[in-house]
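Here is a friendly briefing to read beside the structure. Keep the 3D view open and follow along topic by topic.

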Amino acid sequence: MKKTTRLLTAVASGLACLTMTAANPTPAIVIKGSTGESAYEINKVKNITFEGTTMKVDTGEATTSYDVLSLSGITFDFSGIPSGIDGISVGGDEVTISMNGGVLTATAPDGIAVNLAVYSINGVMVRKASAMAQVDIDLNELPKGVYIIKANNKTFSYMR
């Protein structure tokens, strides 16, 4: 029963982290068992349910059952998906966001304005800067937590 509880916790935790979407590549859930390994694109999984020691993965097209006691692991594959701020581009390729030593930098080609704002999770603006070509905002003095960053009308989250 402990193994089932840990497995349920791992699946629930992994699915809760999937609030981001990416056009390509797509995050996947990989189920490893005694008969091999099965991978499902997260956006195609409709339901994962548990009945006793049976786990069912429903993709809308088919439902596959697994004996929980024979599983050796469930992993979430985020290969090729940005896992941080570096490499995020905003507005086509106009603005690029990077982080270095707690300093958030937004850069753009000459002649393109960069508007950068940082909001606390409750919506209060805590930092703001605007300039042509490059803007730096030092986030080191902010308390640890989740922040929303807005760069030229595109938003994403950041955990400090």
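Let's begin inside the fold: leaving aside neighbours within four places in sequence, I137 is in contact (heavy atoms within 4.5 Å) with G102, V103, L104, L116, V118, R127, K128 and A129. This is a predicted model, in which local features need pLDDT of at least 70 and side-chain atom pairs count only at pLDDT 80 or more, while totals for chains, interfaces and linings use all residues. Residues are numbered from 1 along each chain as its sequence is written, and side-chain values use heavy atoms, with hydrogens and water left out.

**The chain as a whole**

- The protein chain has one helix and 14 strands; both are DSSP runs numbered from the N terminus, helices being H or I with at least four residues and strands E with at least two.
- Of the 160 residues in the protein chain, 31% are buried. Buried means under 20% relative accessible area, exposed means over 50%, and partly exposed lies in between (1.4 Å probe, protein chains only).
- The protein chain exposes about 9,700 Å², and carbon and sulfur atoms supply 51% of that area. Accessible areas come from the Shrake-Rupley method with a 1.4 Å probe; for residues, only the protein chains shown count as cover.
- Among contacts in the protein chain with a separation of 6 or more, 43% are between residues 24 or more positions apart.

**The nonpolar cores**

- The largest nonpolar core has 19 residues, and those with the most contacts inside it are I97, L104, L116, V118, I137, L139 and I149. A nonpolar core is a set of buried Ala, Val, Leu, Ile, Met, Phe, Trp, Tyr and Cys residues joined through side-chain atoms within 4.5 Å.
- β8 (95–100), β9, β10, β12 (134–138), β13 and β14 are the elements that give two or more residues to this core.
- A second, separate core has 12 residues, including I42, I48, Y66 and L71.

**The four-stranded sheet**

- Strands of a sheet pair through backbone hydrogen bonds, either parallel or antiparallel.
- Here, four strands form an open sheet in the order β11-β10-β13-β14, with antiparallel pairing. Two strands pair if DSSP finds at least two bridges between them.
- β11 (125–132) and β14 (154–159) stand at the edges with a single partner strand each, so one side of each is left without a neighbour in the sheet.
- From one strand to the next, the twist of this sheet averages 20 degrees. Axes for such angles are lines fitted to C-alpha atoms (for helices, over the stretch in contact), and angles run from 0 to 180 degrees between N-to-C directions.
- Strand β10 (residues 113–120) and strand β13 (residues 146–151) run antiparallel and are joined by five bridges. V118 stands opposite I149 in β13.
- Six bridges link β13 and β14, again in the antiparallel sense; V146 has M159 in β14 as its bridge partner.
- β13 and β14 form a hairpin with two residues between them, and N152 in the turn has a positive phi of about 45 degrees.

**The three-stranded sheet**

- Three strands form an open sheet in the order β3-β4-β5, with antiparallel pairing.
- β3 (47–51) and β5 (63–67) are the edge strands, each pairing on one side only.
- The twist of this sheet averages 20 degrees from one strand to the next.
- Five bridges pair β3 with strand β4 (residues 54–58) in the antiparallel sense, and F50 stands opposite M55 in β4.

- T105 is found in strand β9 (residues 103–107) and counts as buried because its relative accessibility is 14%. Its side chain makes a polar contact with the side chain of D136 at 2.7 Å. A polar contact is a pair of N or O atoms within 3.5 Å; within protein, one must be able to donate a hydrogen and the other to accept it, and residues adjacent in sequence count only if both atoms are side-chain atoms.
- Not counting residues up to four places away in sequence, T105 touches T96, I97, S98, Q134, V135 and D136.
- S120 lies in strand β10 and is buried, at 13% relative accessibility. Beyond its neighbours within four places in sequence, S120 is in contact with V126, V146 and Y147.
- K128 sits in strand β11 and is exposed, with a relative accessible area of 60%. Not counting residues up to four places away in sequence, K128 touches L116, A117 and I137.
- The C-alpha atoms of K128 and K150 are separated by 9.4 Å, the two residues being 22 residues apart along the chain.
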